[in-house]
Amino acid sequence: MAFTVFILQLAVRILSFPLYLLKFLGLWNQISKKWFPYYMMKFSATYNGQMAGKKQELFSKLQDFAGPSGKLSLLEVSSGTGTNFKFYPPGCRVTCVDPNPNFEKFLFKSIAENRHLQFERFLVAPGENMHQVADSSVDVVVCTTVLCSVENQEQMLREVCRVLRPGGAFFFIEHVADEHSTWNYCWQVVEPAWYLVFDGCYLTRESWKALERASFSKLKLQHIQPPLSCKVLRPHVYGYAVK
């Protein structure tokens, strides 16, 4: 299996050479940052349809972490096109953070379609450095398919813990590496090309390990295999962690 993986990775790298050349010349990031929101608008609609049950089940617990006022203060990290908004409880105060400013127009379209929410602000920042968000200022942090692409998972989770109030919760849905003995994991090694085309997304991250190492007082995490169209994205972890 290890030899097969090596050969596949080598073949993928060779076929991806034009993309690596564009990246080396400093052109690819400009291209991908502009087209990626258009792709995510289509992908997120499909993903939402296939994950709707899991999202409804998980996000039904959000209101349990509202503060004394009863209003939920929520921060979504790498909010993308705002496809999670419809799952949030009415009256929820939402702040969005995303490193790609090109998502803004798609995000505001979603805000207009989800009048049950109270939108507060959109910040252009990576999840690893959300300095515009005050310490212990939000009840809940949400991220979905984000840990696959951040540069430093541990630093992002430290930031999550910093902005959460004591007793607040971090909700997550993340695609992860499959078991190494599976053929699906073998196909996940298309990662070198995938990483470039899909804005820094890694297919073989074992994100549950970073969640287990983070300084949460409680972690509820499940491994699932939702019936997604794209098989390499099927292995998932989802759940929540309490500060």
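In what order do the 7 strands of the open sheet stand? The order is β3-β2-β1-β4-β5-β7-β6, with mixed pairing. Strands are DSSP runs of E of at least two residues, helices are runs of H or I of at least four, and both are numbered from the N terminus; two strands pair if DSSP finds at least two bridges between them. Because β3 (118–124) and β6 (218–224) stand at the edges with a single partner strand each, one side of each has no neighbour in the sheet. On average, neighbouring strands are turned by 15° against each other, direction ignored.

This is a predicted model, in which local features need pLDDT of at least 70 and side-chain atom pairs count only at pLDDT 80 or more, while totals for chains, interfaces and linings use all residues. Residues are numbered from 1 along each chain as its sequence is written, and side-chain values use heavy atoms, without hydrogens and water.

Strands β1 and β2 run parallel and are joined by 5 bridges; Val77 has Val97 of β2 as its bridge partner. Helix α5 packs on the sheet and touches β1, β4 and β5 (contact: heavy atoms within 4.5 Å).

| Element | Residues |
|---|---|
| β1 | residues 73–77 |
| β2 | residues 93–98 |
| α5 | residues 153–163 |

The largest nonpolar core has 39 residues, and Phe59, Leu62, Leu74, Tyr88 and Phe171 touch the most other members. Such a core is a set of buried Ala, Val, Leu, Ile, Met, Phe, Trp, Tyr and Cys residues joined through side-chain atoms within 4.5 Å, buried being under 20% relative accessible area with a 1.4 Å probe, protein chains only. Helix α3 gives the most to this core, with 6 residues.

Technical notes: Axes fitted to C-alpha atoms, helices over the stretch in contact; angles between N-to-C directions. Buried < 20%, exposed > 50% of the residue type's maximum accessible area, 1.4 Å probe, protein only.
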